[in-house]
Amino acid sequence: MKVTIVDRARQFRMEVGPQEPVLEIKAKIEDLLGVPVSEQILSVLGWELVDGLDMEDYPIVTEGTKIDLTIKPVTPPSFNNLSGKLQITVKFLAKQINIEVDTTDTVSSLKEKIHAVESTPIETMSLSFSGVELDEDSRNLSEYGISEFSEIVMFLKTVNPVMRDNLPMNPPTGKLNIVVKTCSAFLTEASIPLEMKDSNTVNDLRSLLLSRKILPEDDYFFIYKQQVMEDNRSLRWHGVENGHSLYVFKGTVTEP
């Protein structure tokens with residue numbers, strides 16, 4: 001299948017196979033553009049393509065898909081760090097930020113620094129490094145092997161409802177104005193505004209789109225903030241916020 005590689009200055013089409021590894025595609029780009037594999041980030045709709053996976057692991061990549069190419073900034077070599085300061089990168093869904101931390105910082109203090117920069121609620125943060133979740137707030141970053149120029153990935157997690165008198169309080173049902181986005185590789189590229197209740201499930205959303213004949217009766221799934229949505233869960237459970245976008249892709253997702 002042919003895909004389009006897009007960076008800031010140009011775009012070009014490239015033939016890729018469904019079982020072709022992401023690393024091999026990066027090697028082709030290095031041959032064409034001279035950009036080293038280690039400096040390339042490939043992503044689709046903000047979803048980064050991981051080096052250890054193949055194209056068939058990404059049902060969102062089909063004929064005609066646009067793959068964004070981002071070139072990492074070249075970082076100067078690090079010599080003896082006498083100041084006790086480290087520069088690390090925190091990667092979000094569609095962007096990344098650089099943060100300076102101390103060699104003695106804990107996971108908790110890193111979350112506080114991210115909150116100060118991005119205003120992301122600390123209780124919703126889930127951090128990982130090299131595939132390992134930083135699940136103990138009191139542990140030092142160095143205990144997880146984090147060092148100069150390490151890359152931390154941040155996802156948002158669902159927070160349990162507020163508790164009062166040891167009983168969960170269900171917040172009142174609210175309305176959500178959301179946008180469902182499709183891509184040209186799936187159907188036609190479109191942005192579909194919808195008003196729904198936050199108590200509606202993903203299945204309710206699917207039924208609404210079918211009843212309005214917006215989408216064909218076919219297998220497809222929804223993604224919100226880089227996570228596959230579960231059909232029987234509500235929009236509130238997934239943490240969908242007013243004004244945000246969901247993405248729909250053709251295919252099915254099976255449990256590993």
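Start by selecting R139 and Y144: R139 sits over the face of the Y144 ring, 4.4 Å from its centre. The rule for a charge over a ring is NZ of Lys or CZ of Arg within 6 Å of the ring centre and within 35 degrees of the ring normal. Before you read too much into it, note that this is a predicted model, where local features need pLDDT of at least 70 and side-chain atom pairs count only at pLDDT 80 or more, while totals for chains, interfaces and linings use all residues. Residues are numbered from 1 along each chain as its sequence is written, and side-chain values use heavy atoms, with hydrogens and water left out.

For the cut-offs, buried is under 20% relative accessible area, exposed is over 50%, and partly exposed is in between (1.4 Å probe, protein chains only).

How many salt bridges does the rule give? The count comes to 14.

Next, select E48, K91 and E151, which are linked in a network of salt bridges. Take the K91 and E48 pair, at 2.7 Å from N to O. K91 lies in strand β6 (residues 85-91) and E48 in strand β4 (residues 47-48), so this bridge ties together parts that are 43 residues apart in sequence. Strands here are DSSP runs of E, at least two residues, and helices are runs of H or I, at least four, numbered from the N terminus.

Colour the trio by accessibility: K91 is buried at 10%, whereas E48 is partly exposed at 28% and E151 is partly exposed at 29%.

Last stop: K26, in helix α1 (residues 22-33). Is K26 buried or exposed? K26 is buried, with a relative accessible area of 3%. Leaving aside neighbours within four places in sequence, show V37, Q40, L42 and D51 around K26, as K26 is in contact with them (heavy atoms within 4.5 Å).

Technical notes:
Salt bridge = Lys/Arg side-chain N within 4 Å of Asp/Glu carboxyl O.
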